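Work through the following exercises with the sequence and the coordinates open beside you.

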Amino acid sequence: MRIYADNAATTKPSRAAIDAMLPFLEEEYGNPSSLYSLGQRAKEALERAREEVAAVIHANPKEIVFTSGGSEADNQAILSAAETGRKAGKRHIISTAFEHHAVLHTLSKLEKDGFDVTLLDVHENGVVRADELEAAIRGDTCLVTVMSANNEIGTIQPIRELGAICKERGVTFHTDAVQAVGHLPVDVDADNIDLLSASAHKFHGVKGTGFLYVRNGVRLSNLIEGGAQERGKRAGTENVPGIVAMAAALKESAGRMDKDAERMRVLRDRLIAGLREIPHSALNGDAAQRLPGNVNFCFEGIEGEALLLHLDDRGICASSGSACTSGSLDPSHVLLAIGRVHDVAHGSLRLSIGEDATEEEIDYIIRNVREVVEYLRGFSPVWRDLTAGKAQFIL
Ligand SMILES: *Cc1c(COP(=O)(O)O)cnc(C)c1O
């Protein structure tokens with residue numbers, strides 16, 4: 001059996017996305033800026049895609065800027081709002097400790113540049129509190145940026161409430177909605193969102209394409225200088241095949257979202273219940289306020305990397321919070337933000353199931369995670385100390 005349970009990292013491009021993009025690779029390869037009909041047909045496809053994407057999030061097509069993905073959209077949104085703030089003498093930004101690095105690293109850059117950044121607590125359940133945002137807003141706050149749903153632990157944030165507070169206080173509100181768009185309903189007006197980032201490869205589009213929603217009236221500065229594409233806000237010949245695929249993928253995902261979510265929540269909760277039976281384990285993040293496909297656990301006495309490699313041998317693609325494979329021994333900043341200690345955070349496992357997951361697959365995952373955790377604990381010195389009473393169990 002081969003089970004892909006890493007949909008938070010990327011998703012399989014849908015048939016609809018591939019079918020939509022193929023003509024723009026094979027015949028309709030014109031440059032949308034060219035005046036002859038081959039170019040103009042590409043331009044029309046681009047604008048149709050813009051309308052389709054905008055409709056899904058209840059935006060105006062003029063408010064959509066196509067980007068190379070979620071990271072670029074995050075960078076552009078935050079740097080733009082900071083630039084507007086700087087001009088008004090406002091240099092305070094509010095965010096959270098468990099944002100994606102595309103947000104956190106951009107904020108670090110701004111801090112070095114004289115901005116003051118407040119990171120809200122995300123508490124043990126991985127959810128920010130609206131009253132704490134309210135209290136953190138100052139006269140010089142120019143931006144609040146809070147992700148819609150966390151990519152590691154899947155917790156969904158109270159975006160509508162946070163947006164309402166920002167609107168009332170006249171502060172620009174950005175949300176990294178990369179894990180939400182195509183999976184949860186998003187309405188930029190009802191949710192009071194000024195800037196929103198999304199990425200196609202997280203909802204069955206292709207990699208290297210995304211978009212930034214920019215509310216009419218919110219100023220955007222350029223990351224990339226050059227041509228007049230995207231109304232002068234994002235230079236460079238548009239990725240027409242990728243954008244067309246993104247629109248097709250999003251339309252499809254949005255159309256089946258409710259039904260998919262209902263099914264996935266049942267499977268997710270079955271997986272959570274099965275993994276909870278492993279001794280000295282804990283679910284990370286709120287059990288209810290989480291993405292329909294996200295399961296994230298810590299298992300005491302093991303290393304997440306070893307667990308992943310053994311699961312791979314058994315045909316399961318999953319992910320771990322810590323990043324030893326990328327040369328760093330730091331545990332996940334997300335798990336630390338919800339209060340997990342280093343040792344526990346190292347033994348983490350994220351399973352993000354897809355829309356086509358089956359009960360049989362869930363049971364296969366449960367059985368195999370149980371077996372591998374037990375096997376790894378069998379020769380873990382940390383586990384030996386814990387069971388011998390030389391160290392204290394935390395979970
Ligand atoms: C994947 C992801 C990103 C980055 O998107 P890319 O298109 O890969 O650049 C940003 N934020 C979140 C929450 C993500 O999950």
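**Exercise 1: an aromatic pair**

Phenylalanine 393 has a relative accessible area of 29% and is therefore partly exposed, a class that lies between buried (under 20%) and exposed (over 50%), computed with a 1.4 Å probe on protein chains only. The model is predicted, so local features need pLDDT of at least 70 and side-chain atom pairs count only at pLDDT 80 or more, while totals for chains, interfaces and linings use all residues. Residues are numbered from 1 along each chain as its sequence is written, and side-chain values use heavy atoms, with hydrogens and water left out.

Task: state how many aromatic pairs the whole structure holds, and classify those described here.

Solution. Rings of Phe, Tyr and Trp (its six-membered ring) pair if their centres lie within 6.5 Å, and planes under 30 degrees apart count as stacked, over 60 as edge-to-face and the rest as tilted. A search of the whole structure gives 3 aromatic pairs. In one of them, the ring centres of phenylalanine 297 and phenylalanine 299 are 5.8 Å apart with planes at 10°, so this pair is stacked, and both residues are buried. Another joins tryptophan 383 to phenylalanine 393 edge-to-face, with 5.5 Å from centre to centre and 65° between the planes. Tryptophan 383 belongs to helix 12 (residues 381–387), whereas phenylalanine 393 sits in the segment after helix 12, 10 residues apart. Tryptophan 383 counts as buried because its relative accessibility is 15%.

**Exercise 2: helix 2**

Task: why does the length of helix 2 agree with expectation, and what covers its buried residues?

Solution. Helices (H or I, at least four residues) and strands (E, at least two) are DSSP runs numbered from the N terminus, and the expected span of a helix is 1.5 Å times one less than its number of residues. The 20 residues of helix 2 (residues 37–56) should therefore span 28 Å, and the end C-alpha atoms are 29 Å apart, which agrees. The buried residues of helix 2 include Leu38, Ala42, Leu46 and Val53; among the elements covering the buried residues are helix 1 (15–26) and helix 7 (240–276), where contact means heavy atoms within 4.5 Å.

**Exercise 3: the ligand**

Task: which side chains place a polar atom by an oxygen atom of the ligand?

Solution. A polar side-chain atom of glutamine 179 lies 2.7 Å from a ligand oxygen atom, and one of histidine 201 lies 3.0 Å from a ligand oxygen atom.

Key. A polar contact is a pair of N or O atoms within 3.5 Å; within protein, one must be able to donate a hydrogen and the other to accept it, and residues adjacent in sequence count only if both atoms are side-chain atoms.
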